[in-house]
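Reader: Hello! Could you show me how to read a few side-chain features?

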Amino acid sequence: MLVFIFFAFGFVFLSILILHKLVSKQNETTDHHSSLSGSMGWPFIGETISFFKPHRSDSIGTFLQQHVSRYGKVFKSNICGGKAIVSCEQELNMFILQNEGKLFTSDYPKAMHDILGQYSLLLVTGEVHRKLKNVIISFINLTKSKPEFLLCAENLSISMLASWKNCREIEFHNEAKMFTLSVMVNQLLSIKPEDPARRYVLQDFLSYMKGFISLPVPLPGTAYTDAIKARKRLSARVMEMIKSRENKEEEMNKALREEDFLDVIMSNEDLNYKEKVSIVLDILLGGFETSATLLSLVVYFLAKSPSLLQKLKEEHEAIRAKKGDGELLNWEDYQKMEFTQCAMSEALRCGNIVKTVHRKATHDIKFKEYVIPKGWKVFPIFTAVHLDPSLHENPFEFNPMRWTDKAKMNRKTTAFGGGVRVCPGGELGKLQIAFFLHHLVLSYRWQTKSDEMPIAHPYVEFKRGMLLEIDPTS
């Protein structure tokens, strides 16, 4: 019986393998829709698994290396259940991003819709996208101009670093997440660092993130199911806060606390309840996850280059030397952190927080020699452009000094996306990171483990959680 089962499985596997070879051969040589070469992979699943296979985020990964070498910078594939064009070319990528809403539309898998919700800024299009984005931009502009935001970011930096005084090792990426989340929930929801709700929110967001790379299996205990449950808990928490503030008693007690951005969102009569909740979750997710990852990447790359770390330290020593004892930083100090800002921009280029975005062609499109058929998925690969040797000298080298010509570098990078969906909160994240780095570099020396590395899942995590060996500077 076992022998029969073995041969039966062997026959099925061999049949699938032969079918795969025949389909791949046909797809590589003929396609009446597109003149691009490429491979459609296995039946049904295509090349989805290989495309999203985790790899070092400071590399393009084996899949793209092999396909670009074989087919060129732009090739066809079958990803996420449909025919797709994958672009590793800068000009085509910019064309895709700049024509969002005209020739291309957002096209994330259904599983992402289930997790992110109906009104997520990542998913909505057209007028709804413009309306929600304008609310988020108003939050960013209001927050940047508030002295309370700078004070909050700096005080949280100081208190977190003080909590390490008896530590020799810390799991830095988790600490970075707690720092950036604490800043965001304070400014957005008036949740203080000592409030237990802060940790519950962080745990739910971590479950939320894991769902983005999970198989959409609606069974108890799966990452997909846990992510949906986590979003429901987060939504319920925000909705409860909104309902509570709408009560007259809460209005009477409003004078006891400073106005936060939830108050501003609640006063917007153009938004329904679901949109208000979704905006809060979008701001929290973008504000804490992206900023924490960038902070960890800067610390990681600087640990690999002692001379650059020393240059960063000297910049912050010069700023501190002109401050009074215990005097806090201000906006003018941030503007003096020129090397720090170059280091953050270079960490974005090398570390690649966002590998790609999901788009779909709404028309038959011809760009240069490339033909993109209507209805095909489109994946502009930011990582490939950031690490392209034809655009960047020694592209795998962490070199902040290349950002002294910021305008030139901005034309060759898309760390925050582009077009109508460019991330509006980039500078706000850099501001709180710079304040944290100021106190970190003046308070501690650090080393990473020899086998540490950033890994694209596609969101960036670290092999060992960015386990740092730390030593006080004084």
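This is a predicted model: local features need pLDDT of at least 70, side-chain atom pairs count only at pLDDT 80 or more; totals for chains, interfaces and linings use all residues.

Reader: Which residue lies over the face of Y273?

Author: Residues are numbered from 1 along each chain as its sequence is written, and side-chain values use heavy atoms, with hydrogens and water left out. A charge sits over a ring if NZ of Lys or CZ of Arg is within 6 Å of the ring centre and within 35 degrees of the ring normal. Here K243 lies over the face of Y273, 4.0 Å from the ring centre. Likewise, K311 lies over the face of F339, at 5.6 Å from that ring's centre.

Reader: How many aromatic pairs does a search of the whole structure find?

Author: Rings of Phe, Tyr and Trp (its six-membered ring) pair if their centres lie within 6.5 Å; planes under 30 degrees apart are stacked, over 60 edge-to-face, and the rest tilted. The search finds 18 such pairs. One of them joins Y300 and F301, edge-to-face, with 5.1 Å between centres and 70 degrees between planes. There is also an aromatic cluster formed by F51, F52, F63, Y71, F75 and F379.

Reader: Is Y300 buried or exposed?

Author: Buried means under 20% relative accessible area, exposed over 50%, and partly exposed in between (1.4 Å probe, protein chains only). Y300 has 4%, so Y300 is buried. F301 is buried as well, at 8%.
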